[in-house]
Amino acid sequence: MGELIPFGLNRINAALTMGNWLLGSQSKGNEFAELRCMQKSVSYYMRANVFITTSGAFDQAALNCAIAELGIDNILFSVDDPFGDNFEGVDFLNKAQLSDEDKEKLAHKNAERILKLSSGTNSRRNPSRSLFSFKAKVKARIARTLMSFLVR
């Protein structure tokens, strides 16, 4: 969920905006003053240039915060494989309190847009999906077994 940046973005924005104001005030009369200062807020630049993933943070409150700060168009669904559980991730996605349109954006449409993928390559229509699903289940089960031995 953006390594906690959405949670602190309001404070980060205020601090860097104040720093930017100080730089600008100290540079008065300098012909390069405008080049040293941000033209817009940190929040603006985050929304325009930064994309985050759900990667292992399967929590509705964290998702709500990320959406409030960055917008649904800047968030991609992902699982922190092999550390995150694929089944937990899919369960989170299915239960996420989002409109159908926003859930599709999170699940795949944002990635398709950002990575310039054709929506015609949707894996739901792919006949090899069952093999992929089987491999994912086996991989997750092996990872869980290994982790249980390592954690003991």
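Predicted model: local features only at pLDDT ≥ 70, side-chain atom pairs only at ≥ 80, totals over all residues.

Mentor: The protein has seven helices and two strands, arranged along the sequence as α-α-α-β-α-β-α-α-α.

Trainee: Why are helix 5 and helix 6 called roughly antiparallel to each other?

Mentor: Their axes cross at roughly 155° and come within 10 Å. Angles over 145 degrees count as roughly antiparallel, and helix 5 and helix 6 are therefore given that description.

Trainee: Which residues make the contact between helix 5 and helix 6?

Mentor: Helix 5 contributes Leu93, Asn94 and Lys95, while helix 6 (residues 100-114) contributes Lys103, Leu106 and Ala107. By class, three of the contact residues are nonpolar, one is polar and two are charged.

Trainee: What makes Asn94 buried or exposed?

Mentor: Asn94, which is placed in helix 5, has a relative accessibility of 54%. The cut-off for exposed is over 50%, so Asn94 counts as exposed.

Trainee: How do you know whether Ser43 is buried or exposed?

Mentor: Ser43 belongs to helix 3, and its relative accessibility is 19%. Buried means under 20%, so Ser43 counts as buried. Leaving aside residues up to four places away in sequence, Ser43 touches Leu9 and Asn13.

Trainee: What percentage of the residues of the protein count as buried?

Mentor: The figure is 28% of the 152 residues. As for the surface, the protein exposes about 10,900 Å², and carbon and sulfur atoms supply 58% of that area.

Trainee: Which residues touch the most other members of the largest nonpolar core?

Mentor: They are Leu63, Ile75 and Leu106, in a core of 16 residues. Helix 3 (42-49), helix 4 (60-70) and helix 5 (86-95) are the elements that each give two or more residues to this core. Helix 4 supplies the largest share, three residues.

Trainee: What makes a set of residues a nonpolar core?

Mentor: The members must be buried residues of the listed nonpolar types, joined through side-chain atoms within 4.5 Å. In soluble globular proteins, nonpolar side chains tend to be buried together.

Trainee: Which residues does Leu63 touch, not counting residues up to four places away in sequence?

Mentor: Leu63 touches Met1, Ile75, Phe92, Ala96, Leu98 and Leu106 on that count. For the protein, among contacts with a separation of 6 or more, 61% join residues 24 or more positions apart.

Trainee: Where is Leu4 placed, and why is Leu4 called exposed?

Mentor: Leu4 is in the segment before helix 1 (5-26). Its relative accessibility is 68%, and exposed means over 50%, so the term applies to Leu4. Leu4 also has a positive phi of about 70°, although it is not a glycine.

Trainee: What is the phi of Lys116, and why is Lys116 called exposed?

Mentor: The phi of Lys116 is positive, about 55°, although this residue is not a glycine. Lys116 lies in the loop between helix 6 and helix 7 (129-151). With 74% relative accessibility against the cut-off of over 50%, Lys116 therefore counts as exposed.

Conventions:
Residues numbered from 1 in each chain as written. Heavy atoms only, no water. Buried < 20%, exposed > 50% of the residue type's maximum accessible area, 1.4 Å probe, protein only. Helix = DSSP H or I, 4+ residues; strand = E, 2+ residues; numbered from the N terminus. Contact = heavy atoms within 4.5 Å. Axes fitted to C-alpha atoms, helices over the stretch in contact; angles between N-to-C directions. Parallel < 35°, antiparallel > 145°, perpendicular 65-115°, else oblique. Nonpolar A, V, L, I, M, F, W, Y, C, P; charged D, E, K, R; others polar. Areas by Shrake-Rupley, 256 points an atom, 1.4 Å probe, with all protein chains shown as cover.
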